[in-house]
Amino acid sequence: IPHKVAVMDLSIRDQVVANLKQVLREVSTVLPTENISDSHDLLDHGEWGESLDLLCTQLYEYEVPLSKDLYQLIDTTGRMMKMEPSGWDYLGELIQ
């Protein structure tokens with residue numbers, strides 16, 4: 001099911017995009033360039049939920065240690081998009 005955010009308030013949309021860009025900046029040195037590029041492409045095409053899903057999957061696959069702040073940013077962003085927390089809650093294992 002695609003994650004559509006079309007009915008969001010513009011300010012929330014802007015915040016979601018800003019949050020996703022922040023997550024991308026923070027993980028850009030620890031994930032393969034291809035994953036970062038794919039996430040940026042999804043973000044640029046309005047597929048914000050898919051971008052977050054890809055990032056979460058790759059963070060888990062590569063067992064990237066997460067700060068509490070980064071996990072909270074992912075959680076907040078997912079909830080802003082009304083996504084199911086099961087899409088990222090498994091990342092809690094990676095908090096250090």
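## A partly exposed arginine and its partner

R79 counts as partly exposed because its relative accessibility is 47%, where partly exposed lies between buried, under 20% relative accessible area, and exposed, over 50%, with a 1.4 Å probe and protein chains only. This is a predicted model, in which local features need pLDDT of at least 70 and side-chain atom pairs count only at pLDDT 80 or more, while totals for chains, interfaces and linings use all residues. Residues are numbered from 1 along each chain as its sequence is written, and side-chain values use heavy atoms, with hydrogens and water left out.

R79 forms a salt bridge with D75, and their closest N and O atoms are 3.0 Å apart; the term means a side-chain nitrogen of Lys or Arg within 4 Å of a carboxyl oxygen of Asp or Glu. The structure holds one salt bridge. Because R79 and D75 are four residues apart in helix 4, about one helical turn separates them. D75 is buried, since its relative accessible area is 12%.

## The nonpolar core

The largest nonpolar core has 25 residues, and those with the most contacts inside it are L59, L66, I74 and L91; such a core is a set of buried Ala, Val, Leu, Ile, Met, Phe, Trp, Tyr and Cys residues joined through side-chain atoms within 4.5 Å. At least two residues of this core come from each of helix 1 (10-27), helix 2, helix 3 (48-61) and helix 4 (68-80), where helices are DSSP runs of H or I with at least four residues, numbered from the N terminus. Helix 1 supplies the largest share, six residues.
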